[in-house]
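Trainee: I would like to learn how to read a few features of a structure, one at a time, with the general idea before the particular case.

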Amino acid sequence: MTQELHYNQIPIDFGFFTRKTYDNFVIGSNEKLFDTLSSINDSDQLVLIYGSKYSGKTHICEAAVNHFKNKSIFINAHTDLFKLELSDSYDLLVIDDLDKLILCKENEETLFSLINNQILQKKPSIVASSKDISECNINLKDLSSRLLSDKIFNIIELDDSDKIDMMISFCSQRGLEIEEKALQYIIKNCSRDLYFLCALIQNLDTASMSTKRKITIPFIKKVIELRKV
């Protein structure tokens, strides 16, 4: 390349998509899970999802909240459970990061009360964990039995083709054009971690705008080199 790349790197937003929806969730081999959550309605069904850290659990959990539109609540590891009104019922209860929430044993009773109240009110709940329930060391047997009482899905990580589709969707949301052969190069030569892939695209976008250069494979190679510095 005749011109070196010089640009100010911006903090990476690992949210990928500003608003998680079913439309920008790449389904891959998770058709049954997607169909179940996209049709969830006024019922007492409890859907348990577990899978690897970057498998898309948080995306589909937030998409369910955004899709439902009625009175819903989203709980994750940053939520202070002691501030919640346990007597409240929600049209949809979504609990992400179960394996992290459960590290505080005081949370077990609260989580059980929230889930049980949904069932009594005949309202749905979605619970997501990066670990299988058997590995979460739950002390409260009523909670573990509730979690295992209905639908259980092991979310399947995207294959390479699905990850390319995901990157195409992410590029489209940013108004960024990258040829598929360049995305193929990224998949074959970089980490397949979703966070890395989307962070790399953000860096490519920033570098492209700063240098007014088209994103080609040589350009990608140079940006990857700069990321390692």
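Predicted model: local features only at pLDDT ≥ 70, side-chain atom pairs only at ≥ 80, totals over all residues.

Trainee: At what angle do helix 6 and helix 7 pack?

Mentor: Helices here are DSSP runs of H or I with at least four residues, strands are runs of E with at least two, and both are numbered from the N terminus. An axis is a line fitted to C-alpha atoms, for helices over the stretch in contact, and angles between N-to-C directions run from 0 to 180 degrees. Helix 6 (residues 160-174) and helix 7 (residues 180-189) pack at about 125°, and their axes are 10 Å apart. Angles under 35 degrees count as roughly parallel, over 145 as roughly antiparallel, 65 to 115 as roughly perpendicular and the rest as oblique, and helix 6 and helix 7 are therefore oblique to each other. The residues in contact (heavy atoms within 4.5 Å) are Asp160, Lys163, Ile164, Met167 and Ile168 from helix 6, with Glu180, Leu183, Gln184, Ile186 and Ile187 from helix 7.

Trainee: Which residues of helix 6 meet helix 8?

Mentor: From helix 6 they are Lys163, Met166, Met167, Phe170, Cys171 and Arg174, and they meet Leu194, Leu197, Cys198, Ile201, Gln202 and Asp205 in helix 8. The axes of helix 6 and helix 8 come within 11 Å and cross at roughly 35°. To sort a contact by class, count Ala, Val, Leu, Ile, Met, Phe, Trp, Tyr, Cys and Pro as nonpolar, Asp, Glu, Lys and Arg as charged, and the others, Gly among them, as polar; the contact of helix 6 with helix 8 then has eight nonpolar, one polar and three charged residues.

Trainee: Is Lys163 buried or exposed?

Mentor: Buried means under 20% relative accessible area, exposed over 50%, and partly exposed in between, with a 1.4 Å probe and protein chains only. Lys163 has 3% relative accessibility and so counts as buried. Leaving aside residues up to four places away in sequence, Lys163 touches Glu157, Leu158, Ile187, Arg192, Leu194 and Leu197. Ile49, in strand 1 (residues 46-50), is also buried, with a relative accessible area of 0%.

Trainee: How many disulfides does the structure hold?

Mentor: A disulfide is a covalent bond between the sulfur atoms of two cysteines. With the cut-off for a pair of cysteine sulfur atoms set at within 2.5 Å, the structure holds zero disulfides. For Cys171, the nearest cysteine sulfur is that of Cys198, 8.6 Å away. Cys171 is buried at 4% relative accessibility, and Cys190 is buried at 12%.

Conventions:
Residues numbered from 1 in each chain as written. Heavy atoms only, no water.
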